[in-house]
Amino acid sequence: MSYDVVVIGAGSVGTPAAFYLAREGLKVLVLDRLPSPGQGSNKAAIGGVRATHSDPAKIRLGLRTIAILTRFREEFGREVEWRPGGYVFVAYRPEEERILKELVALQRSFGLNIRWCEADELLRVVPDLNPQGLRGGTYSPEDGHCSPLLLCHAYYELAKGEGAEFRFREEVVGMEVRAGRVQAVRTDKGRYPTALVLNAAGAWAAQIGKLLGVEHPVYPDCHEAGITEPVAHFLDPMIVDIRPGPGSANCYFHQLATGQIAFCLTPEPPILGEDRRETSAFLPQVARRIIQVVPRLAGIRVRRTWRGLYPMTPDGLPLVGWVEAVRGYLVAIGLCGQGVMLGPALGELLARLVLGTPLPEDQIVLRNLSPERSFARAEVLR
Amino acid sequence: MSAAGGQRRAVRLDKHPILEVRRADPFAFFFQDEELVAYPGETIASALFAHGIRVFGHHPRDGAPQGIFCANGQCAQCLVLADGRPVKACLTLVRPGMRVAPLDGLPQPPPPPERLDFRAIEELAVEALVIGGGPAGMSAAVELGKLGVKTLLVDDKHRLGGKLLLQTHRFFGSRDAVYAGTRGVAIAERLAAEVHAQRTVEVWLQSPALAVFSDQRVGVLREGRRYVLVRPRVLVVATGARERSLVFPGDTLPGVYGAGAFQTLVNRDLVRAATRLFVVGGGNVGLIAAYHALQAGIEVVGLCEALPECTGYKVHRDKLARLGVPIYTSHTVVAAHGERHVEAITIAQVDEKFRPIPGTEKTFPCDTILIAVGLDPVDEFYRKAREFGIPAFAAGDAQEIAEASAAIFTGRIAGRQAAQALGYAVDIPPEWAKTAEILKSKPGRVHPLPPPPELPLFPVLHCVQEIPCDPCAAVCPLGLIHVDPGDIRRPPRFTGERACSGCGRCVAFCPGLAITLVDFRKDPDHPVVTVPWEFGADSLAPGTEVLVVDREGKVLGAGAVVGLAQVPGADRTLLVRVRVPKGWALQAAGIRLPQGERAPIPPLPLPEADEAIVCRCERVKAREIRALIRQGVRDLNELKAVTRAGMGACGGKTCRNLILRLFREEGVPLEEVTDFVGRPLFLEVPLGAFAGMEEP
């Protein structure tokens, strides 16, 4: 039995890719060492989806994901709790005001629906923002959020419906390459002949690359997140505060469709590695940050916390495309914590790439995110 | 219709045959603008129950009525709005003027605090941290205190004692080792006094532990409002047990409770939480809870047990049977009926695989169903501490489910182990381990009653099953009762070496109420039998005719009360003397007052079994879970992602076992099933607390 494509990783990227590949009639096998879909970093994501990036490739992918999510229920008959509540980046200091205003100009030049709001206007968008010292912020009403768990699972079911096979609790231990071409994937349980391997292994992508002798500059960085009890709806957008704080570079939070507040911060300095054990530092750090922005959060009760891995790259951009060193080796890795918001669009693009039918507008994505690029420049705002 | 629904009765207990009813001056609070009365120290839940209000709100997902379930802060089914904020009614004390409202749907987020006053989170280094102030935790803290170890004991309740505070019965076990023969509530007081006498032991009440972190700190919410990070060198985890549950249609109706929840309302808060009760489960917890209900004046319609015999101590079973409670073995619950509250239960006989046999259903009207089908250790902190390299010792039910007497002992051992880990030179006597094992042992073989001695006055020891217990031997002033001191599980024996004085101490102090005195001296043809009685002196005036029953509850006939007595120090156990015909003397083991039989009513139609709720927090039905299992799902985390089962307030603590049971029923070996990932927090706490705000 051989497969047209073997996808490694049933997460935010591999699962939609499997669906779009299988929908094109390809014989797809997805391998994951975990027991079920989305058990790596997908389930650790809090579900923000935006197109308001500063890199044209990510902008394109973000816009496409939003378009897919907007029609998801209609097209696929599945609920993924997509809520286009927008994104708000707040500014409480001149530094952030300046950064955000510069960014808005750039983003608007790409045609994105984002604008600078003065404090009083921003308070109309988010009445519960702390008005004390608020200078204003950006508002992008077409961004939103969805349930990462439901999205991943929907693609899993859809992919199976198109004939994709999934094998869980199977670890890839080797790859066979002959004459510079992929021949088969070997796991701890079996051998799967294929001419095409898609690495979608998230935080573990570099380990998969090593099996082919390819070094991927992808390294996991650990973030901690939490969720509260559900409360009646009071918050529409995802709120992002990019002020640095003690131990953190930024924080962000939003209210889920089901009423809970999910919150997260980016540790600074980064916590590199795969350790996902809970720390006592997180809650005190994140609580004062997010209450500072929305004081009303103070009385809402925290239910749970967890940690998840961000597969980071040197320039903050993913690696997407064919790897030149090995023919038949495709990667969609280093999503830097944005697998959920870029995964659906990437899945479509990867299918076009495998079929050899890329669209003209795919070129900018493939060029900017090329795994062969030099990693000299960093995105203005990741 | 008001959220309260149904009929409302004032149901505070005014008196109790064992517990002293003491209430300070009442005050007013409000439920839905109606002025109600509460007493200091009552939780919102108890104050509402005291007015017959048992529906506290409705679930946001499907509008199902919600009320008390665990009464232990572990689930969130009792959420109400108190002065506009959602709180757990079972943990929150009611205050004068408090405005309580039912929680229908999701609560509004509380208003913002007036000031953002963030304080640094205090860190506190201690030598030993003991989590849990029940029998095990208090015993561990006492051992640590005796050695001068700087110890912090934290407990989530308002008083030390843990579940001992709910135990109105006398304890089994060894009188020397663990206060056997004393009531649980009294043991709690003694142990608490010992804890408070330790100079180096600090106690924080209303201070739940929230999480054990990988950086070896333990988050504690001090006195319910100040978040503190405790850095212990060793940890003793004495967090007790949580109650197992069952899946059946109607399983989340208000009126279906864990036995512990019920004991909390009745024995701690002195509220008559039911009128007519059915108990599911014939282990010690179910048997004792049924007995406690009777003491609180609640009618016990019946008790069912899925196994062919009750698994609790036979003396507990027999006590109930003697009081006329029907016990249905090889039966299980198949449905709770009622629209907004329990109105009836249907039980059915089960086959050898514990499946209900159609056609054997029996329906009984009742307003409350207690689920007492076993306990599981609350061992999350212990497992995390081990994972994170903190030297940790578990004690009591957190280590292994057993009697509270065993918990006292394993607590002592854990306390000494913790001291040793800290480098203190202290021994653990080798016989402690043996005693702990004996105290943990399950009931054993049943022996025949030995032949009676040829004496005019002697005790009959109806204690025929092997259980760890020895107070009878210890209290006999003449040393005429023998229990093997090397193994107190052996049934006691009356030696008959000398004449019994008839003092009645063995009758009064036997925790199983399994000893009688037979006295032929006055009238050899009509001996007087002395039996223990824990229901007060009312309606037992001399001359009263009572039913005399044998050990297992069979009615022998009528007998007349000839007198009542009390043994000094016997803490409200009465001795009732009854004159009986000679032939009953050895069989007579108890009395009961004549009462009507409660026969089942015609069976009610059974709802679809798979409509039963498995995850009560997120209202996930058995049908949804089974469908996914049949589709091949083998990961609880995937089930959670798809159905939300386990995502609710309790964090899967209640539904995990129930889901695993469904896997077994579907023929899936549990080795194939991946468990939930355990995550902090143990309890939900306002975000503001973590920002160093007090009362956010």
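**Notebook: a strand in chain B, then the A–B interface**

I started with strand β20 of chain B, residues 344-349, in this predicted model. I found 5 of its 6 residues buried, so the strand is largely enclosed by the rest of the structure. My cut-offs: buried is under 20% relative accessible area, exposed is over 50% and partly exposed lies in between, with a 1.4 Å probe and protein chains only. Strands here are DSSP runs (E, at least two residues) and helices are runs too (H or I, at least four), numbered from the N terminus.

Ground rules, noted once. I number residues from 1 along each chain as its sequence is written, and letter chains from A and number ligands from 1 in the order in which they are written. Local features need pLDDT of at least 70 and side-chain atom pairs 80 or more, while totals for chains, interfaces and linings use all residues; side-chain values use heavy atoms, with hydrogens and water left out.

Next, the neighbours of β20(B). I see β19(B), residues 331-337, running antiparallel to β20(B) with 6 bridges; two strands pair if DSSP finds at least two bridges between them. His331(B) has Gln349(B) as its bridge partner. The two strands make a hairpin with 6 residues between them, and Gly338(B) in the turn has a positive phi of about 145 degrees. β21(B), residues 362-365, also pairs with β20(B), antiparallel over 4 bridges, and there Ile347(B) is partnered by Lys362(B).

Then I moved to the interface. How many residues of chain A touch chain B? I get 46, in contact with 60 of chain B, where contact means heavy atoms within 4.5 Å. The buried area is about 4,400 Å², with 57% from carbon and sulfur atoms; that is the accessible area (1.4 Å probe) the two parts lose on being put together, summed over both. Glu278(A), Arg301(A) and Arg304(A) supply 17% of what chain A buries against chain B, more than any other three residues.

I count 2 salt bridges between the chains, each a side-chain nitrogen of Lys or Arg within 4 Å of a carboxyl oxygen of Asp or Glu. Lys384(B) and Glu278(A) form a salt bridge at 2.9 Å, N to O. On the chain A side, α6 (148-161), α8 (282-293) and β17 (301-312) each supply at least two residues, and α8(A) gives the most, with 7.
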